[in-house]
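Below is a set of questions and answers on one structure. Please look at the sequence and the model first.

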Amino acid sequence: MAIYYNKVAIRLLIVLSYKNETGERKNMKKRILLVLIIVLLVFLLSACQTESEEMAEQYKAKVFSITDEISESGRESKNIELEIMEGPYEGQIFTSQTAATMDHYKNFELYHVNDRVLVNFYEDSETGEISVNIMNQVRAPQMTILFALFLAVIVAIAGKKGLKTIVALVLTIACVGFILIPMISKGKNPILAALLCGVIISSITLSIVGGVNRKTLSAVLGTLSGLVCAAILTMIVSNIMHISGETLEDVEMIVVANIDFDLDIQGIITAGIFIGCLGAVMDVGMSLASSMVEVKRASPKMPKSLLFKAGMRVGRDIMGTMANTLILAYTGGALMQLVAWKIYGYSFTDMMNVQYIAIEVVRAICGSFGMLLSIPITCLIAANIINIDLKVLLADIEK
């Protein structure tokens, strides 16, 4: 399938590169954007297909029927009949048994008839009997439709800017999926990996959206400065609070994994905070740089000091909502855990002492610190860069 996607991409690239009889290219900018989108999407599809082929032990199946069963000990379970849709047992019916632990909740059923699921097979070493185990629901088609709808709405609302946004979004996904995660999983320094991805994502995204100019340069430098501040503060606070992540489920999975090197767990936590606040800090950086450029255009003779103050006034207005954005985002991620602990009688102080909550608090506050510190830094950088007279600068260089 990966080869098929690549062939399709090549054909599309040939069509998009076609010259008319006069030799003039039609809508060159649109074609370049389309080519970038196609190449990046094909790259992602090929990678996903390769990953799927490596996990060949999982096969699609359809839920044929579901029946309740109560054992002699009174334990409730569900017998799920599955029709295998692919693989060596295609067309055969197997039965899988799952515990009915959530049935007392209203409107909660894990599986329904006609659901598509992923299963794997295992053979009993003594009897040779083949059994089936349900791994996950098949959700990729629905997620693809949702993502396509999201992209369509972006283009419908933003037009050409929407196409640029899609290119930036695909590049961000590619950077995280094919640079950040592989580097960290191979034992590379997670903070340096996150910093590299931050440079790539912020530089390309802001350049695509705002163009290659002094405004974008100011936004990129301000963004990276704020992120570095957030990373440094996170490392300091993590050492003071002894946050290591050893009690987290994901960390336990890494610890028992069969790898011949040690992963920097604390560094991964710091890298997560770094990447988690990248979008908000980029938003702040570009908003400030854009507003300062417009102020400078309206008052070309405005000195750096007044331009800096104008940027800070805008930054103070941004500050309140953006701080809430990060804190509410991290709170939303931990909401289920907070509700569970409240039900079991945990006090607010008890929750703050739990490492999982401490990590979320550090993420929210240190990420917000990075965003807040990026405001004066971006204003200072933009005030100096925007006020540079290129003619004078070139004249000095020639001398």
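This is a predicted model: local features need pLDDT of at least 70, side-chain atom pairs count only at pLDDT 80 or more; totals for chains, interfaces and linings use all residues.

Q: At what angle do the axes of α6 and α13 cross?
A: Helix α6 spans residues 214-241 and helix α13 spans residues 355-386. Their axes come within 6 Å, and α6 passes α13 in a right-handed crossing. The residues of this contact comprise 17 nonpolar, nine polar and one charged. The crossing angle is roughly 145°.

Q: Which element gives the largest share of the largest nonpolar core?
A: The largest nonpolar core has 40 residues, and Val 284, Met 292, Met 371 and Ile 375 have the most contacts inside it. Two or more residues of this core come from each of α4, α5 (190-210), α6, α8, α9 (278-298), α10 (304-333) and α13. The largest share is ten residues, and the element that gives it is α9.

Q: Which helix gives the most to the lining of the second largest pocket?
A: The second largest pocket has a volume of about 630 Å³. Among its 24 lining residues, Asp 250, Val 251, Ile 254, Ile 268 and Arg 363 are the closest to its centre. At least two lining residues each come from α4 (160-185), α7 (249-255), α8 (265-276) and α13. With six residues, the helix that gives the most is α8.

Q: How many charged residues are in the lining of the second largest pocket?
A: By class, 17 residues of this lining are nonpolar and three are polar. The number of charged residues is four.

Q: Is Gly 315 buried or exposed?
A: Gly 315 has its place in helix α10. The relative accessible area of Gly 315 is 0%. Buried means under 20%, so with this value Gly 315 is buried.

Q: Where does Asn 114 lie?
A: Asn 114 is not a glycine, although its phi is positive, at about 80°. The strands on either side are β3 (93-99) and β4 (116-123). Asn 114 therefore has its place in the loop between β3 and β4.

Q: What is the relative accessible area of Asn 114?
A: Buried means under 20% relative accessible area and exposed means over 50%, with partly exposed in between. Asn 114 falls in the partly exposed class, because its relative accessible area is 47%.

Key: Residues are numbered from 1 along each chain as its sequence is written. Side-chain values use heavy atoms; hydrogens and water are left out. Axes are lines fitted to C-alpha atoms, for helices over the stretch in contact, and angles run from 0 to 180 degrees between N-to-C directions. Helices (H or I, at least four residues) and strands (E, at least two) are DSSP runs, numbered from the N terminus. A crossing is left-handed if the near helix is turned anticlockwise from the far one by less than a right angle, and right-handed if clockwise. Ala, Val, Leu, Ile, Met, Phe, Trp, Tyr, Cys and Pro count as nonpolar, Asp, Glu, Lys and Arg as charged, and the others, Gly among them, as polar. On a 1 Å grid over the protein atoms alone, a cavity is a set of points where a 1.4 Å probe fits but cannot get out, and a pocket is an open set with protein on both sides within 12 Å along at least five of seven lines; lining residues have an atom within 4 Å of a point. Grid points are joined across faces, edges and corners, and a volume is the space filled by probe spheres set on the points. A nonpolar core is a set of buried Ala, Val, Leu, Ile, Met, Phe, Trp, Tyr and Cys residues joined through side-chain atoms within 4.5 Å. Buried means under 20% relative accessible area, exposed over 50%, partly exposed in between (1.4 Å probe, protein chains only).
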